[in-house]
Amino acid sequence: MRTLKISLLVFILQIAISAQWYDKSNNLQYSECRAFDAFDSLIAAGPFTRNSSYVLDSLYMTTNGGDYWFGISFPSGCEPGEVPIDISVKGSDKIWFCTSRGKIYRTTDGGLNWQLQFYNTLMTEYMLYIEMFDEILGVAVGAPPTFGKPLIILSTIDGGMNWISQNDSELIDVQLRYEWRSVHFVNIDIGYVFQNFPWTIYRTTNGGKNWDVINDTIDTAVLKAYDDNILLVKQDHGTNMYRTFDGGQIWESNDMLEWGSDIEFIPGNPSNVWCGVISVNFSSDTGRTWIKEFDFPQEAGRLYDMDFTDENSGWIYTSEGAGVLSHIYRTTNGGHGGIVAVDENDFDINLIGFKLEQNYPNPFNPITSIQYAIGSLPDGKAGRQFVTLKVYDLLGREIATLVNEEKPAGEYEVEFNGSTLPSGIYFYQLKAGEFSETKKMLLLK
């Protein structure tokens with residue numbers, strides 16, 4: 001009996017220790033983020049940077065679970081002040097995003113080329129939401145361009161080559177205060193939107209052509225549906241979580257103890273739900289009762305977006321202010337246990353003289369040169385560092401090791417020969433002690 005108790009205690013401790021969220025922000029401390037989307041436990045995107053003219057510069061993506069993030073150049077048609085409002089990621093090469101200038105962009109080659117799929121200022125000047133259910137079917141929502149006009153509901157059945165307006169006469173002057181949080185489509189037919197003034201929740205079952213009022217009393221902060229019947233709605237100026245199991249005919253409310261900025265169902269299991277803002281809360285009974293899993297550290301700010309891609313793999317981004325990235329957390333074992341851990345690679349160290357240059361030529365065929373510099377140690381003293389320079393494909397798989405040895409401080413150059421590889425985007429990563437940097441290169445045969 002004593003052995004059984006000890007074994008059980010060890011098992012419980014192992015679960016508590018292993019159930020962690022790791023901070024995977026790495027080199028994104030100064031990036032912005034309005035919405036975050038993950039394809040699986042490895043591939044995610046959302047953070048972005050702008051240049052000195054306030055024009056979008058790079059969209060950041062990871063293909064190895066956040067161990068490193070690489071920048072994808074935004075389309076050249078982006079305007080000063082324009083930002084991505086929502087994003088949908090369907091693999092390492094297929095990304096859609098909509099913007100504050102009413103545009104929808106798509107890439108199918110990891111950002112090498114972008115297509116402007118939708119832009120019509122007579123219909124909308126501000127996109128609010130985009131969701132691609134796969135590489136073909138999707139829905140997007142835009143704000144009315146002027147008073148007296150309807151909320152714009154767009155759908156596509158060809159990957160966005162054509163976006164067709166579904167709503168011409170309903171939802172007149174409906175304004176969605178919380179952008180993508182105010183919308184959720186379960187599929188191309190079933191969707192929900194809410195407005196705050198006056199409080200109203202609408203539902204469509206035919207892709208946005210017609211809308212029914214299903215509630216006009218809940219002051220809503222965010223809603224999320226699991227299917228055409230199960231819907232959770234978080235109260236805006238209060239702590240109640242409202243839920244319905246019949247598409248909005250009958251409602252019940254339960255106290256969640258705090259406000260919430262996102263709700264996330266576990267895929268395949270409507271009983272398991274996450275929600276939070278200052279803390280992260282979990283429900284195993286579709287929102288009837290809630291357990292606080294953990295509080296965020298003060299420097300992390302509050303939860304802005306959460307995404308679970310399966311029962312074990314989840315992502316959270318938090319911020320100290322709206323639209324400014326603070327931290328991205330990731331779990332691969334369900335996220336329970338109340339532990340938020342800092343990734344062991346995330347250090348704030350002033351490393352002097354370390355640098356990784358852009359390869360030249362780029363694009364290349366088949367040989368390119370990579371220059372890098374090894375500088376001072378964290379204490380400012382010169383010394384030797386163990387250096388690795390590796391090449392990865394678009395999925396984050398290692399395909400070549402160019403350097404793997406100890407080197408003194410200095411400048412170096414190495415060649416990479418891609419003659420045996422297919423055309424495409426590749427990444428090269430330099431690591432030297434605590435220094436790590438990754439850049440993108442294009443092999444074009």
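1. Let us start with glutamate 357, which is partly exposed, with a relative accessible area of 31% (buried is under 20%, exposed over 50% and partly exposed in between, with a 1.4 Å probe and protein chains only). Its partner is lysine 355: the two form a salt bridge, with 3.5 Å between the closest N and O atoms (a Lys or Arg side-chain nitrogen within 4 Å of an Asp or Glu carboxyl oxygen). Lysine 355 is also partly exposed, at 47% relative accessible area.

2. Please keep in mind that this is a predicted model, where local features need pLDDT of at least 70, side-chain atom pairs need 80 or more, and totals for chains, interfaces and linings use all residues. Residues are numbered from 1 along each chain as its sequence is written, and side-chain values use heavy atoms, without hydrogens and water.

3. How many salt bridges are there by this rule? The count is 19.

4. Next, look at arginine 50 and glutamate 32, whose salt bridge has its closest N and O atoms 2.7 Å apart. Arginine 50 belongs to strand β3, while glutamate 32 sits in the loop between β1 (20-23) and β2 (strands are DSSP E runs of at least two residues, numbered from the N terminus). The two residues are 18 apart, and the pair links distant parts of the chain. Is arginine 50 buried or exposed? With 19% relative accessibility, arginine 50 counts as buried.

5. Another pair to visit is glutamate 264 with lysine 224, whose side chains meet in a salt bridge at 3.4 Å, N to O. Glutamate 264 is in strand β22 and lysine 224 in strand β18, so this contact ties together parts that lie 40 residues apart in sequence. Both glutamate 264 and lysine 224 are buried.

6. Which residue in β4 stands opposite threonine 49? Serine 58 holds that place in β4.

Methods
Pairing = 2+ DSSP bridges. Helix = DSSP H or I, 4+ residues; strand = E, 2+ residues; numbered from the N terminus.
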